[in-house]
Amino acid sequence: MVGIEEVLRAASLRVTRPRVAVLSAVTSHPHADTETVIAAVREQYPTVSHQAVYDSLKLLTELGVVRKIQPHGHSARYEARVGDNHHHVVCRNCGMVADVDCSVGDSPCLCASDDHGFLIDEAEVIYWGLCPECQFSSQTP
Ligand SMILES: [Zn+2]
Ligand SMILES: [Zn+2]
């Protein structure tokens, strides 16, 4: 496994404490929302400001070190699993997110029925449904 600092250096980023803490929080809490990332960062680094976490998340996302998922109607989630064109299944009820591997094996795993002349290199699919827990609780009166 590649260390957090190497990942930052590979992205030509200065290795700062907030960046290291944010990236390690996203790595250990896949699909965490911003509040969860802040809480996880503060466990290691109690004095970090909200703004420093937001700024680090934004920068890491822009550079492709972190991937942002924004399911409609739910808060944005972050993950450090990038570049493998995996998809997500999202619970309509509680917003739980899980990874779904690319269905074909390489990107873009779906062929567009009309590519409009674009050179398509990525397909991002969100599967919607009810997670096992919400299926169970919707059955109980
Ligand atoms: Zn659910
Ligand atoms: Zn994911």
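V41 touches A21, V22, A25, V48 and V53, leaving aside residues up to four places away in sequence, where a contact means heavy atoms within 4.5 Å. V41 is also among the residues with the most contacts inside the largest nonpolar core, together with V22, V37, V53 and L60. This is a predicted model, in which local features need pLDDT of at least 70 and side-chain atom pairs count only at pLDDT 80 or more, while totals for chains, interfaces and linings use all residues. Residues are numbered from 1 along each chain as its sequence is written, chains are lettered from A and ligands numbered from 1 in the order in which they are written, and side-chain values use heavy atoms, with hydrogens and water left out.

**The nonpolar core**

- The largest nonpolar core has 22 residues; such a core is a set of buried Ala, Val, Leu, Ile, Met, Phe, Trp, Tyr and Cys residues joined through side-chain atoms within 4.5 Å.
- At least two residues of this core come from each of α1 (4-10), α2 (17-28), α3 (34-44) and α4 (50-62), and α2 supplies the largest share, with five residues.

**Overall architecture**

- The protein has five helices and six strands, which are DSSP runs numbered from the N terminus, helices being H or I with at least four residues and strands being E with at least two.
- Along the sequence these elements follow the pattern α-α-β-α-α-β-β-β-β-β-α, and the C-alpha atoms fill a box of roughly 50 × 45 × 25 Å, taken along the principal axes.
- The protein is divided into domain 1 (4-69) and domain 2 (84-139), with bounds that come from an automatic or database domain assignment, and the centres of the two domains, taken over C-alpha atoms, are separated by 24 Å.
- Of the contacts with a separation of 6 or more, 42% are accounted for by residues 24 or more positions apart.

**Surface and charge**

- Of the 141 residues in the protein, 35% are buried, where buried means under 20% relative accessible area, exposed over 50%, and partly exposed in between, with a 1.4 Å probe and protein chains only.
- The protein exposes about 8,800 Å², of which carbon and sulfur atoms supply 53%; accessible areas come from the Shrake-Rupley method with a 1.4 Å probe, and for residues only the protein chains shown count as cover.
- The 11 positive and 18 negative charges have mean positions 9 Å apart, with Lys and Arg counted as positive, Asp and Glu as negative, and His and the chain ends not counted; each charge is placed at NZ of Lys, CZ of Arg, CG of Asp or CD of Glu.

**Individual residues in helices**

- T34 is found in helix α3 and counts as buried because its relative accessibility is 15%; leaving aside residues up to four places away in sequence, T34 touches Y54, L57, A76 and Y78.
- F136 is found in helix α5 (residues 132-139) and counts as exposed because its relative accessibility is 57%; F136 and M96 are 40 residues apart in sequence and 14 Å apart in space, C-alpha to C-alpha.

**Positive phi in loops**

- Most residues other than glycine have a negative phi.
- N85, which is not a glycine, has a positive phi of about 50 degrees; N85 lies in the loop between β3 (77-79) and β4 (87-91) and counts as buried, because its relative accessibility is 9%.
- H116 also has a positive phi, near 50 degrees, and lies in the loop between β5 (97-100) and β6 (126-129), but H116 counts as exposed, because its relative accessibility is 61%.
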